[in-house]
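Colleague: I have this structure open and a list of questions. Can we go through them one at a time?

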Amino acid sequence: MMTSVDTDLIRVLADPLRLRIVTLLAHETLCTTHLVEETGAKQTNLSNHMKILREAGVVDTEPCGRFTYYKLRPEVLAGLSEQFGALAASARTAAENKRACP
């Protein structure tokens, strides 16, 4: 059985700022203002990254007055972790599955 990893999600998380945001959200739910302060990104830039993370299903939003709070969806990261775990398990047996040269 072929094991694959969600390449779209990896592309989303490959951006250093988005990975920093995900790391911050792994510790607490934060609003846009907090994320701007923590990352040093401009609000428009941060908003664009948050849109990408939302569309990828990595974060959920929670309106609170005039602020928007973001929280991580741990099941998405757990799913990616499971995919990598399956890939690692497959790699462990790869030495036994040597393909003969023609």
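**Surface, fold and contacts**

Modeller: Let us start with the surface. The protein has an accessible surface of about 7200 Å². Carbon and sulfur atoms own 53% of that area. Keep in mind that this is a predicted model.

Colleague: In what order do the helices and strands run from the N terminus on?

Modeller: The protein has 5 helices and 3 strands. From the N terminus on, the order of these elements is α-α-β-α-α-β-β-α.

Colleague: Is the protein a compact globule or more spread out?

Modeller: For 102 residues, the globule rule gives 13 Å. The radius of gyration is 18 Å, well over that value. The C-alpha atoms fill a box of roughly 65 × 20 × 20 Å along the principal axes. The radius exceeds the rule, so the protein is more spread out than a compact globule.

Colleague: What share of the residues counts as buried?

Modeller: The cut-off for buried is under 20% relative accessible area. Of the 102 residues, the share that counts as buried is 25%.

Colleague: Among contacts between residues at least 6 apart in sequence, what share joins residues at least 24 apart?

Modeller: Contact here means heavy atoms within 4.5 Å. Of the contacts between residues at least 6 apart, the share joining residues at least 24 apart is 55%.

Colleague: Leaving aside its neighbours within four places in sequence, which residues is L25 in contact with?

Modeller: Set aside the neighbours within four places in sequence, and its contacts are L30, L35, M50, V59, Y70 and L72.

Colleague: Is H49 buried or exposed?

Modeller: H49 lies in helix 4. Beyond four places in sequence, H49 is in contact with D15, L17, R18 and I21. Its relative accessibility is 11%. The cut-off is under 20%, so H49, at 11%, counts as buried.

Colleague: Which residues form a nonpolar patch on the surface?

Modeller: One member is L87, found in helix 5. L87 is partly exposed, with a relative accessible area of 34%. The patch has about 230 Å² of accessible area together, and its members are I10, F84 and L87.

Colleague: How far apart in sequence are the parts that E38 and R20 tie together?

Modeller: The side chains of E38 and R20 meet in a salt bridge, at 4.0 Å from N to O. E38 is partly exposed at 46% relative accessibility, and R20 is partly exposed at 36%. E38 lies in helix 3 (residues 32-39) and R20 in helix 2, so the parts they tie together are apart in sequence by 18 residues.

Colleague: And how far apart in sequence are the parts that R73 and D60 tie together?

Modeller: R73 forms a salt bridge with D60, with the closest N and O atoms 3.6 Å apart. R73 is partly exposed at 25% relative accessibility, and D60 is partly exposed at 33%. R73 lies in the loop between strand 3 and helix 5 and D60 in strand 2 (residues 59-64), so the parts they tie together are apart in sequence by 13 residues.

Colleague: What is the N to O distance in the salt bridge of E62 and K71?

Modeller: E62 is partly exposed, at 36% relative accessibility. K71 is partly exposed too, with a relative accessible area of 34%. Their side chains meet in a salt bridge, and the N to O distance is 3.9 Å.

Colleague: Which residues do salt bridges with shared partners join into one network?

Modeller: The count of salt bridges comes to 6. Shared partners join some residues into one network: D60, R73 and E75.

Colleague: What separates the C-alpha atoms of G79 and D6?

Modeller: G79 has its place in helix 5. G79 is partly exposed, with a relative accessible area of 24%. Along the chain, G79 and D6 are 73 residues apart. Their C-alpha atoms are separated by 9.3 Å.

Note on methods. Residues are numbered from 1 along each chain as its sequence is written. This is a predicted model: local features need pLDDT of at least 70, side-chain atom pairs count only at pLDDT 80 or more; totals for chains, interfaces and linings use all residues. Side-chain values use heavy atoms; hydrogens and water are left out. Patches are made of residues with over 30% relative accessible area and no salt bridge: like charges are joined within 9 Å, nonpolar side chains (Val, Leu, Ile, Met, Phe, Trp, Tyr) within 5 Å. Accessible areas come from the Shrake-Rupley method with a 1.4 Å probe; for residues, only the protein chains shown count as cover. Helices (H or I, at least four residues) and strands (E, at least two) are DSSP runs, numbered from the N terminus. Buried means under 20% relative accessible area, exposed over 50%, partly exposed in between (1.4 Å probe, protein chains only). The radius of gyration is taken over C-alpha atoms; the globule rule is 2.2 Å times the number of residues to the power 0.38.
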